[in-house]
Amino acid sequence: MSTNNGNGADAPNRFIGKSVKRVEDKRFTTGHGRYTDDIVLPHQTYAAFVRSQYAHAKIVSVNITTAKAMPGVVAIYTGAHVAEVNGVPCGWQVNFKNGTPMKEPKHPLLVTDKARHVGDAIAIVIARSKEEAEDAAQAVEVKYEELPCEIDAFKAAQPGAPLVHDDVPNNICYDWALGNPIDEVNAAMNSASHVTTLEFVNQRLIPNAIEPRCYNASYDRIHDHYTLYTSSQNPHVIRLLMCAFVLGIPEHKVRVVSPDVGGGFGSKIFHYTEEALLTWCSKHIGRPVKWTAERSESFLTDAHGRDHITKAEMGFDNDGKIVALRVKTYANLGAYLSTFGSCVPSYLHGTLMQGLYTTPKINIDVTAVFTHTTAVDAYRGAGRPEATYVLERLMDLAAHEMKVDPVELRFKNFIPPFDGVTQPGYQTQVALQYDSGNYHGVLEKGLQMLGYDDFRKAQKEAAHNGKLLGVGFSTYIEACGIAPSSVVGSLGARAGLFEFGQVRVQPTGKVTVFTGSHSHGQGHETTFAQVVADKLGISMDDVHIVHGDTGKIGFGMGTYGSRSLAVGGTAIVKSIEKIIEKGKKIAAHLLEASADDIDFANGNFTVKGTDKSIPFANIALTAYVPHKYPDDLEPGLDFSSFYDPANFTYPFGCHIAVVEVDKETGKVTLKRFIAVDDVGNIINPMIVEGQIHGGVAQGIGQALFEGAEYDNNGQLTNASYMDYCMPRADDFPMYETATQITPCPHNPLGVKGAGEAGAIGSTPAVVNAVLDALWSGGHEVKDIRMPLTSERVWRAMQN
Amino acid sequence: MIPVAFDYQKAKTVDEAIAALSNGNSKILAGGHSLLPAMKLRMSQPSKLVDISSISALKGIKEEDGEIVIGAATTHADIASEKLIKNKLSIFAEGASMIGDVQVRNHGTIGGSLAHADPAGDWPALVLAVDATIEAQGKNGKRRIKATEFFTGLFSTALQENEIIIAIRVPIPPEGTKATYQKFSQPASRFAIVGCAVVRFPDGKTNIAFTGISDNAFRADNAEAALSAVIFLSDHYASAEYRKHLAKVYLKKALQAVV
Ligand SMILES: Cc1cc2nc3c(=O)[nH]c(=O)nc-3n(C[C@H](O)[C@H](O)[C@H](O)COP(=O)(O)OP(=O)(O)OC[C@H]3O[C@@H](n4cnc5c(N)ncnc54)[C@H](O)[C@@H]3O)c2cc1C
């Protein structure tokens, strides 16, 4: 692969496109990662929380007298102590269909009036040790008056349901629609010769990052300055939200550091109440205070994902062309609005309803509802897996109902290939313009890998022998690289979504890069260094990537939505361009030529058409020792850039699952999983493959294993790894992966993003495959609720 | 996830352990894979743990007077890989290798599993099927309890207070005996949703034992009658109806494996 090296010359890439081993893995695999919990400050104290045992209960009284007298206790605060402090904000305003703003009830740091979900924080206990804090927390006496609760989004939105917030009628945060006017969609639907209807639940998932959330806050009285260490995906955003919206402390008096972070999957984007509360406490007690979530607390208090109840209809004409799509979703927000809780089921979900198809009329209608459950927010894919699930389930089901091949049905409806350069982008019915795509290509490649014709023969034979084999398809698209600030601003985002990248060339020619992206497993220290090393013609060892510290990095919007390389990487490239441009001026002066006549390639500044040349490191030294130097040029070689993308990026792909279903028990065995993904240009194929693998594991996890189970009392009944089934390596076959490359036309690296693709594409492929297996045995089943446990599949076969 | 404070004593002999148990609210610690999770959730709050995991007399597997004798503190992994077990009591190797995952097998012990009597534990069905006896020692000396008399209900056994299981004794099955353990695992923990152990002796006598489906493991040699009397457990991975169905499927699998 050859990419433009930023200077117009096509210098060979030494690192870009190669599976360079991850430089960060040495410290991770040898136990030398430094996570927030590893940080112990002088006079450190530890916090434990008193949390509600009930999903909905009036807090009658909180008695801290006994607890306060326990050994080691430093302080205890209850809701009354922080009643004057603001709650944590929501970062995205969605409006009701009638234009009024969504309901935004306060999300307090500690509750005073009532608890709204199991795990809602009632008091914080701070002690000299974690053990003492926990013991004292057990001794806090809370008197509750239990109230009726509702955990189901549809039921909660019905008149008479128990209210989560007394000032939110029917628990409805907002209702919202996108696409063509409903009358037009209804008319198109009525004209269809076949309508496929599907009602289903996209179940609630728990993110389960391996590192639990952890915060360590301290306050320096002398300098009136706070430091918060946090296991966050975006420290600058946390600082902004906490300072400006919650605590009202000046941002320049706060440093937020996210050191090594052990996975996030979205759940560490959000500004959590504990972050602000610990920061507040650190000043009140005058000592640093740390809290590390217990695993059972993670289950109850990390924002969850998905949880949609959906009815979807897809209309087809005689020829099998889609004529209309109508979707109604009830989205569960949990008890409070989390930072991006409002935009996930609306703008990150509704906007993907075009899928890869030319559907001319689309309407998606969402009612977002508060319930007595943990808050729901972005989880790997965030809205896009839910959209993909709607479309791809409908496609395989429609094909079955119309007795056509699901592959042919897709080919018939695909948007034709377009490169976004010579051909324009594709304008969808749901607000987006796709950048570039070749959707036929990924499906064709997937079918080749599968050996589709042979599979169908094998399936027939198996059915004949009493075995149930099935294949399921999913051809997905997603929008990532979030996003053009003006666009998201017009849609209600309360933040810009640019990225910052600074490239500091040291006098010796070594390079320090400060990025606003944050790596919590993605391997930025490797990928970004590959880009920088190639662009500057230096060794990767000469590049150091710094991230996750507001004290070092000018600004940052962080990592989520598969945005790091497309947005954060581009900000770095912009700075490199400035470095090279300035370097040319310095070189021109030294070589007595005009800057326009200087080429930069392979780490050398050369006068065009001559062998007069100066290496990069010499230019760097000259910039800092400017003895012989252009008059009109500042010394130094250090540039920052803010990059605001022109559009989202649109990775896409084709996932195919092959399963066998045990007739007697309903147990599903995944026999093969094929993933063909087009994520644009690829800097490090190994890292991309790793991201796809992880995402696919989570997507299959949703299909077959995972799911939060609330009982009618609002208790999370599987809040431990003994009960919540995380998939394990031996649950999977060896994945068969491949890539196709359709470069992104609007960023200089041509990259799209790979972080979420696996989780977005895979889920419906697996469910479709199980249904296909049942169909092959004559079981006419429309849907099985995820996760497809053995019992659910067995029951589906009994009817 | 932080237990209540407790004292810890590492016992070197069984006598020392029994003496240590007699004062206060003490508990034996073996592999800790059932006890520690319960303590971390503060569901169990012993004031003292008496660690028996390094008492050498409680570890290891030997043949003695026509019996295989397994020390109570022997780990699942050691049982699964022991030659003597593979050769003469292969159903134990088969069953032990299906417990949990590698970490669980490396820590968990057969004695701990039997004493804990988890309704979904594998060892209870295995010891029932092979006519094992459980050897226990207390202040008043040693005694042997038949497996069929050991499991008395949900998490409860015939052990008396402060009695320690010291060994599991299994008569070596005669040549020609066929045995199998068939298990349908709970996908998260991999405990048994249904575990069915079947031992078929050369004379045709067939021992059948179930675990996972009711409050405690039980013998079901007359399977049809036994299953019709069971009150089946129910949880979000398997309803009572589904467990009942699986019990029949797994019984069939097991019987097919021994004929
Ligand atoms: C993730 C996970 C998965 C698991 N999966 C399975 C599975 O698939 N199948 C299965 O069968 N089990 C499973 N287990 C349980 C595991 O096998 C435990 O190790 C076992 O149940 C208890 O043994 P232990 O040695 O860890 O006992 P401990 O936890 O140390 O003790 C358990 C109880 O027994 C008492 N005790 C221990 N030893 C003795 C003794 N010698 N005499 C008297 N009392 C004693 C203790 O005081 C305590 O009350 C799993 C456990 C975990 C954590």
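I'm working from a predicted model here. I started with an open sheet in chain A, where four strands line up as β18-β26-β27-β28. The pairing is mixed.

Which strands stand at the edges? I found β18 (468-477) and β28 (735-739) of chain A there; each has a single partner strand, so one of its sides has no neighbour in the sheet.

Next I looked at how β27 (residues 668-678) of chain A meets β28(A): the two run parallel, joined by five bridges. One pair I noted down is Asp677(A), whose bridge partner in β28(A) is Thr739(A).

Then I asked what helix α17 (residues 685-705) of chain A touches in this sheet. It packs on the sheet against β26 (652-661), β27 and β28 of chain A. I got about 130° between the direction of α17 and that of β28(A).

**Entry: the pocket**

I moved on to the second largest pocket, which comes out at about 680 Å³. Its lining has 28 residues, and I wrote down the ones nearest the centre: Lys667(A) and Asp731(A), plus Phe184(B), Ser185(B) and Pro187(B).

Which elements give two or more residues to this lining? From chain A I listed β27, α17 and α19 (790-798), and from chain B β11 (178-185) and α10 (240-258). So much for the elements; for the residue types, I counted 14 nonpolar, six polar and eight charged in the lining.

Note on methods:
Residues numbered from 1 in each chain as written. Chains lettered and ligands numbered in written order. Predicted model: local features only at pLDDT ≥ 70, side-chain atom pairs only at ≥ 80, totals over all residues. Heavy atoms only, no water. Pairing = 2+ DSSP bridges. Contact = heavy atoms within 4.5 Å. Axes fitted to C-alpha atoms, helices over the stretch in contact; angles between N-to-C directions. 1 Å grid on protein atoms, 1.4 Å probe; cavity = no way out; pocket = protein on both sides within 12 Å on 5 of 7 lines; lining within 4 Å. Points joined across faces, edges and corners; volume = space filled by probe spheres on them. Nonpolar A, V, L, I, M, F, W, Y, C, P; charged D, E, K, R; others polar.
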